[in-house]
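Here is a quick briefing for anyone meeting this structure for the first time. Take a look at the model, then read on.

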Amino acid sequence: MTDPCSTLVTDHVEFDRRPLLDLLIRYSGLTRHTPRDRIAAAVADEVADLAARGLPTDALAERVNWLLSGTPPAQLNDLDPIRDCDRIHHALGSAFRVEARVAELLAILRIAQSSAVSLFFRSTREAEDRPVQRFHDTYTLFANYFEWGADSSRGRAVVARLNEIHGRYLIPQEGMKYVLLDSAFTWLEAIERIGHRPLLEVERLGYFHAYVRLGRDMNIADLTDDYAAMYRWFLDASTANDGFHPLKRDTFETIASNSLGDAGFPGLREAVLAAARVGMHPVFRRALGYPEPTPRERERVRGVFYTLGTLNELLPAGAFVRSLQNNPAHPGGPPEPSRLGVSDRSPHLPVLDRARPNGGHPHGLLPLHAPADAPRVELPELKWDEIAKHDGTESLWVVISGEVFDVTAWARHHPGGRDVLLRHAGRDATAAFAAAGHSAMVETFRLNYRVGRAVS
């Protein structure tokens, strides 16, 4: 007979807090401050930019003051969530510096909820080729914009860089709007679930307005200052994509694991995923097929964040300017905004002409309201006997409405299964594509894979 007391001991499962604590302390910068010489150099550059444009430095002086000294919670309610959104964003990033690693991970991975966005992203292989750099470059770009301001030399460089990166691809407005709002709302949702204290209303609104302003600078349409309306749109879009598919969980776990790099803490992946599941909105969790966290899991995860988060806010404020701070992708300090992110179209996507900029595909593009808004492209003529050669997993082409698409890069991730594509490989797939009832978002994304026009 089994001793019930011994069974309690042997069956007891405990959440190991150590790897999560190690990661959060290292990532949050609790023990680090931004080198003063970097701050001085950045301020000098901004002063020179203002002088060249004949503008005063008063606003910059005020900004540098709160960058260096922070904003105490007692002062937040005196701020305007639209006018002071940068300052509120910085205050939130400082106050919830510990929770940010998980909240940001969830925000950057919410793309996994949409099969269309997931498929496009996976085809670029960013999750496999440069996951650590992508994560930190994204948030360093954001930090440059929010910390120094939209009209600063750094802020303008961020907008130019983000528009350059996204302008290499045909991307639907709906997808850009979703990812932009995801950056705000998924972060806020996570803080509500794992944060060491409740959010103030001015914090919630200020964080939201910071991203809306960035979105407008990125030419993302249909953004308003109405928090409730924008969150309702975001939640409706999320709920419409809440069905589970293995692609979604694979995308989430691949990027999450790879973005940790070689942190090297035993049990780190499991601890971070456990914390992420607690921080997830139920709609997001359902799309990934995760079960509801148990009360014990919630208690243990929240305990870690409550302890470190409360300690962080009790410590004397110190200068932590994230746009200038070392990170795992740039241990010696990040480069200028114009050198963050990728500098070319993904080498894993097909090209029309290797000798031309962007592989012969259009560049400098704005997000598209509809597939019909895509610029006209001169596609090379491809004969059917050549197309028919691309009928396997090594090179898989399909023809839709007379245009030839190279779908090799994402065939194995296709939500309908690779076999569906293989049945039409090297052949006309127009009827099958139409019968599948793809969304306008898919119709836009597919234009990035064109390699020619079928001719007899």
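Arg298 comes out at 16% relative accessibility, so it counts as buried (buried is under 20% relative accessible area, exposed over 50%, partly exposed in between, with a 1.4 Å probe and protein chains only). You'll find Arg298 in helix α18 (residues 295-314); helices (H or I, at least four residues) and strands (E, at least two) are DSSP runs, numbered from the N terminus. Leaving aside residues up to four places away in sequence, Arg298 touches Val278, Arg285, Glu292 and Pro293, where contact means heavy atoms within 4.5 Å.

This is a predicted model, in which local features need pLDDT of at least 70 and side-chain atom pairs count only at pLDDT 80 or more, while totals for chains, interfaces and linings use all residues. Residues are numbered from 1 along each chain as its sequence is written, and side-chain values use heavy atoms, with hydrogens and water left out.

**Aromatic rings**

- There are 22 aromatic pairs in the structure; rings of Phe, Tyr and Trp (its six-membered ring) pair if their centres lie within 6.5 Å, and planes under 30 degrees apart count as stacked, over 60 as edge-to-face and the rest as tilted.
- One of them is Phe96 with Trp187, an edge-to-face pair at 6.5 Å centre to centre with 90° between the planes.
- Phe96 sits in the loop between α6 (85-95) and α7 (100-109) and Trp187 in helix α12 (residues 173-194), so this pair ties together parts that are 91 residues apart in sequence.
- Both Phe96 and Trp187 are buried.
- Phe146 and Tyr211 have ring centres 4.9 Å apart and planes at 70°, so they too are edge-to-face.
- Since Phe146 belongs to helix α10 (residues 131-148) and Tyr211 to helix α13 (residues 201-217), that pair ties together parts 65 residues apart in sequence.
- Phe146 and Tyr211 are also both buried.
- Phe96, Trp187, Phe146 and Tyr211 are among the members of one aromatic cluster, which also takes in Phe135, Tyr139, Phe142, Tyr145 and Tyr207.

**Charges over rings**

- Arg97 lies over the face of Phe320, 4.2 Å from the ring centre (a charge sits over a ring if NZ of Lys or CZ of Arg is within 6 Å of the ring centre and within 35 degrees of the ring normal).
- Lys177 lies over the face of Trp233, at 4.1 Å from the ring centre.

**Helix α12 and its partners**

- α12 packs against helix α14 (residues 227-239) at an angle of about 105°, with the axes 10 Å apart; axes are lines fitted to C-alpha atoms, for helices over the stretch in contact, and angles run from 0 to 180 degrees between N-to-C directions.
- α12 and α14 are therefore roughly perpendicular (65 to 115 degrees, with under 35 roughly parallel, over 145 roughly antiparallel and the rest oblique).
- Lys177 and Phe185 are among the α12 residues in this contact, and they meet a set in α14 that includes Trp233 and Phe234.
- α12 also packs against helix α16 (residues 268-279), at about 100° with axes 8 Å apart.
- Glu189, Ala190, Arg193 and Ile194 of α12 make that contact with Ala275, Val278 and Gly279 of α16.

**Positive phi**

- Most residues other than glycine have a negative phi.
- Asn219 has a positive phi of about 65° although it is not a glycine; Asn219 sits in the loop between α13 and α14 and is partly exposed, with a relative accessible area of 36%.
- Asn358 has a positive phi of about 60° and is buried, with a relative accessible area of 14%.
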